[in-house]
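Here is a friendly tour for someone meeting this protein for the opening time. Have the sequence and the model open while you read.

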Amino acid sequence: MRTKSLKKNKINVITLGCSKNVYDSEVLMGQLRASGKDVTHEAPEAEEGNIIVINTCGFIDNAKAESVNMILEYADKKERGLVDKVFVTGCLSERYRPDLEKEIPNVDQFFGTTELPQLLKALGADYKHELLGERLTTTPKNYAYLKISEGCDRPCSFCAIPLMRGKNVSQTIEKLVKEAEGLAKNGVKELILIAQDLTYYGLDLYKKRNLGELLEALVKVEGIEWIRLHYAFPTGFPMDVLEIMKREPKICNYIDIPLQHISDSILKSMRRGTTQEKTTKLLKDFRAAVPGMAIRTTLIVGYPGETQEDFNILKDFVQEMKFDRMGCFAYSHEENTHAYLLEDDVPDTVKQERANEIMELQSQISWDLNQEKVGQTYKCIIDRKEGGHFVGRTEFDSPDVDNEVLIDASKHYVKTGEFVMIKIIEATEFDLYGEPA
């Protein structure tokens, strides 16, 4: 039986996957709100509304399973009369729509990644061009994601993103500055620049890699104090960005540069367009140009043909480079990718063991690097209060994926959404403990 508290025509948007999906959900919600719709993001069950939109991820097996389970959960709720309508959008829907329509007929409609106007129409709203860049942000008020381009032109063998997101399409500098100004007016202090590939930004529009020029424009936006760079591809990295990073205090000394592997034979098979030698030189150039910058990377283990020797080369590299932050994934064999033609010959147990081994190595590196921070004072942004702690971050940490700075709320008060100077008094592998300086 339907509960009486269920609000009529309230739209609940559920987001799965990466920050790029978070951004897309925020744009969708901004459009719905502008059409006078009652919209909420991941509301608790009692308040969740009767119309559900699930923004899915289709990147690797685990993410696909999570998305499918969420769709099934709400298809079942619809069956039981607990919600009226279920719509599905995002990467999984883009990639597997015919299969999903066949297997889960109870969903009202499936939409791809470029069908926002059609999705809005199905929800009884109009797509408003004049709302360009206006979103209903779902992150804490002090930071927001800024998606500078969509899609990817890289030929990486393991990656299904071009199948789901298409070719690289950059946003103009003017549009992004306008969007940043709007976010700043709403209290956003930190912009996190995201794309499938920041390195490629501007090639389609300006016929050159133009991330540097974009940064020069964004640092002029009043109210924005931090600008953070996520997902830069190593091949063809525009080195002028490092000079701007060093010169401009607003640009965080931080970069997320997914390397995926380092063994030359694996890099070649992955079609990464680089070598161990070139990559090592690039990272050393980064550190020489911006001393003290934090480098985050992501690695894949268990790729087809990865031998113990390839894995040992990767381990030695991790040990040598001492990345500030790292994620490691077991390879996922994705249909319609170039690597799908190869035999997925590393057993799942070995993939998992290798991923665990890399992360264990990293946790020791992280412990050592964090101990060096004890006694130092850092400018921190305070994101939230959770349990007995205020939770903040230094410029070397991105939300949700990196270290957090924990401040004992029973002893100290700091204002959420504000910058505070914090002295680090203790550190573990992945957390720093501090007090106002």
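What follows covers a pocket, a barrel and some salt bridges.

This is a predicted model, where local features need pLDDT of at least 70, side-chain atom pairs count only at pLDDT 80 or more, and totals for chains, interfaces and linings use all residues. Residues are numbered from 1 along each chain as its sequence is written, and side-chain values use heavy atoms, with hydrogens and water left out.

**The pocket**

Let's begin with the second largest pocket, which has a volume of about 710 Å³. A pocket here is an open set of points on a 1 Å grid over the protein atoms alone, where a 1.4 Å probe fits, with protein on both sides within 12 Å along at least five of seven lines; lining residues have an atom within 4 Å of a point. The volume is the space filled by probe spheres set on the points. Of the 30 lining residues, D24, V27, T113, L116 and E150 are the closest to the centre. Helix 1 (19-34) is one of the elements that supply at least two lining residues, and helix 1 gives the most, with six. Helices (H or I, at least four residues) and strands (E, at least two) are DSSP runs, numbered from the N terminus. By type, the lining has 12 nonpolar, 11 polar and seven charged residues; Asp, Glu, Lys and Arg count as charged, and Gly is among the polar ones.

**The barrel**

Five strands close into a barrel with mixed pairing, in the order 14-15-16-18-17. Two strands pair if DSSP finds at least two bridges between them. Strand 14 (residues 377-386) and strand 15 (residues 389-393) run antiparallel and are joined by five bridges. K385 stands opposite F390 in strand 15.

**The salt bridges**

The structure holds 33 salt bridges, each a side-chain nitrogen of Lys or Arg within 4 Å of a carboxyl oxygen of Asp or Glu. Here are some of them:

| Pair | N to O distance |
|---|---|
| R95 and E334 | 2.8 Å |
| K208 and E213 | 3.3 Å |
| E306 and R354 | 2.8 Å |

E306 sits in the loop between strand 12 (294-301) and helix 12 (308-321) and R354 in helix 13, so this pair ties together parts 48 residues apart in sequence. K208, at 42%, counts as partly exposed.

Key. Buried means under 20% relative accessible area, exposed over 50%, partly exposed in between (1.4 Å probe, protein chains only).
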